[in-house]
Amino acid sequence: MLENILDFLMTTGFYKLVVTEGGWKYLVMYLIVGVLFYLAIVKKFEPLLLLPITFGMLLTNLPGAGIMHMELFQGTEIDYLRVLKEGGLLDILYLGVKLGIYPPLIFMGVGAMTDFSPLIANPKSLLMGAGAQFGVFAAFFLALIFGFNFEEAASIGIIGGADGPTAIYVTKTLAPDLLGPIAVAAYSYMALIPIIQPPFMKLLTTKKERRIRMKNLRPVSKLEKVIFPIYVTLIVALVLPDAATLVGALMLGNLFKESGVADRLSKTVQNELCNIVTIMLGLTVGATATAESFLSVKTLLIIAIGLTAFIFGTVGGLVIGKIMCWITKGKINPLIGSAGVSAVPMAARVAQSVGQKEDPSNFLLMHAMGPNVAGVIGSAVAAGVFLSRFGG
C-alpha cells in the first residue's frame, strides 16, 4: 500500500517540481507568470492578448502535464500528420502559428477596426510612421552585435514595430525557437507604452512644442476611404511581395468596413473571428515559453534589445516630428511622431495625454492617429523586408 502511494506521489507534478533537477526553473516561471497576470488583470495592460499568452505559459510549465510537445515541430520539415496523430489540443492549434494563419486573420480584424482617415487627410504623417520603424532596424543591428544570426536578429528587431502579430509572423518563419520570448517581450512592451514613451517624449521636445495646436483635419470622402485600401495593397504588393499577406489582410478588413456593403463581414472579423483567433494565438504562443527555452541568456538579451527597439522607435518618430515641425514653422506638434509605433490606438492616446498635460484644451488624438495607423503599415512593410531578405 505504501509503495503504491509512493509510486503515485512520484508521478505528480509536485514531485518533479521539488525533487528533480531544474525544478527551480518552474518556480521562476511561475513568478514571471504572476507578474504578467498582474499586468493583464490589475493594470489592464493589453489583457486580450497578454491574458491567454500568460495562461499558455502557465500550462506549458506544469511538470509532467505534457501540454505542448515542441519536439513535433523541430526541423525544417514538419510531419503534420504526426502532429495530428500524436499531438494534443495546443499542438494542433499551434499549426495555425506554424502555417502563418493566425497573424493575417488578426490583421484583418485590425483593419476592420481601423479608420485610416487621419492618414488620408494628412499623408505627411506617413513619414512619422516610417521614422518610428528606425527602432526595428536599430534593434536588428544591435542583435547582430550581441551574436544573434541574421534570422534571429530580424525576428528580435521586429519587436520594435510594436505589433505583436507581425512579430509572431516573422519569428515563426525565421527563428521559431525564439517565438515564446519574442512574443512575451513584444506584448509586454506594447502594454507598457504609457510608461516607456512619456519620459523620452518630454526629453526630446520643448514645452513650447508640446503646446502646439494643429489645425483640424480636412473631411475625407467615402470614395477616398474605399480606394485607399485597394491602392495600398496594390503598391505594397508590387514593391514588396513578401509583405502582401499582412498588408493585404489588413486592407481587406478595412475595405469590409469602408465599402458599406459588407457590414456582416466587417462585424464578424472585428468580433467573432478576431476574438477566436486571439485566444488560439495567445494560448499556443504562450505555450512555447517553456522554462528550458525561456530562462536563458538569449531571453534576457531579447528582452533588453526589445526595450531598446521601443525606445528607438519612439525617438525615431519624434525626430521626424521635430523636423516636420521645423519645416512647417510650428504647424505640426512633434509629440504625434511618437505614435508612429503601431500600437493602435494606445500610442496615439499617450501622445494626446502628454500634450494635454501642457495644455488641457489641446486635442491631438486624431492627428496622432495618422502616424499611428501609418506605423501598422510600416511594421508590415518592415516584416516584408526581413522575410524577403532572410526567409529563404
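Modeller: Let us begin with Ser 188, which has its place in helix 13, residues 179-191. Helices here are DSSP runs of H or I with at least four residues, strands are runs of E with at least two, and both are numbered from the N terminus. Please keep in mind that this is a predicted model, in which local features need pLDDT of at least 70, side-chain atom pairs count only at pLDDT 80 or more, and totals for chains, interfaces and linings use all residues. Residues are numbered from 1 along each chain as its sequence is written, and side-chain values use heavy atoms, with hydrogens and water left out.

Is Ser 188 buried or exposed? Its relative accessibility is 11%, so Ser 188 counts as buried; the cut-offs are under 20% relative accessible area for buried, over 50% for exposed and partly exposed in between, with a 1.4 Å probe and protein chains only. Setting aside its neighbours within four places in sequence, Ser 188 is in contact with Leu 36 and Leu 50, where contact means heavy atoms within 4.5 Å. Gly 316 is 128 residues from Ser 188 along the chain, and their C-alpha atoms are separated by 21 Å.

For a contrast, go to Pro 123, in the loop between helix 8 (117-121) and helix 9 (125-131). Pro 123 has a relative accessibility of 53%, so it counts as exposed. From its C-alpha atom to that of Leu 234, 111 residues apart along the chain, the separation is 17 Å.

Next comes helix 7, residues 102-113. Nine of its 12 residues are buried, so helix 7 is largely enclosed by the rest of the structure. Among those buried are Tyr 102, Ile 106, Phe 107 and Met 108. The cover over them includes helix 6 (89-98), helix 12 (164-174) and helix 22 (365-390).

Now for the aromatic rings, of which 11 pairs are found in the structure. Rings of Phe, Tyr and Trp (its six-membered ring) pair if their centres lie within 6.5 Å; planes under 30 degrees apart are stacked, over 60 edge-to-face and the rest tilted. Phe 140 counts as buried, at 6% relative accessibility.

Cysteines give another view: a search of the whole structure finds zero disulfides, meaning pairs of cysteine sulfur atoms within 2.5 Å. Cys 274 counts as buried at 8% relative accessibility, and Cys 325 is buried at 7%.

Finally, step back to the whole protein. There are 22 helices and zero strands. Its C-alpha trace spans about 85 × 45 × 35 Å along the principal axes. Of the 392 residues, 53% are buried. Among contacts with a separation of 6 or more, 76% join residues 24 or more positions apart.
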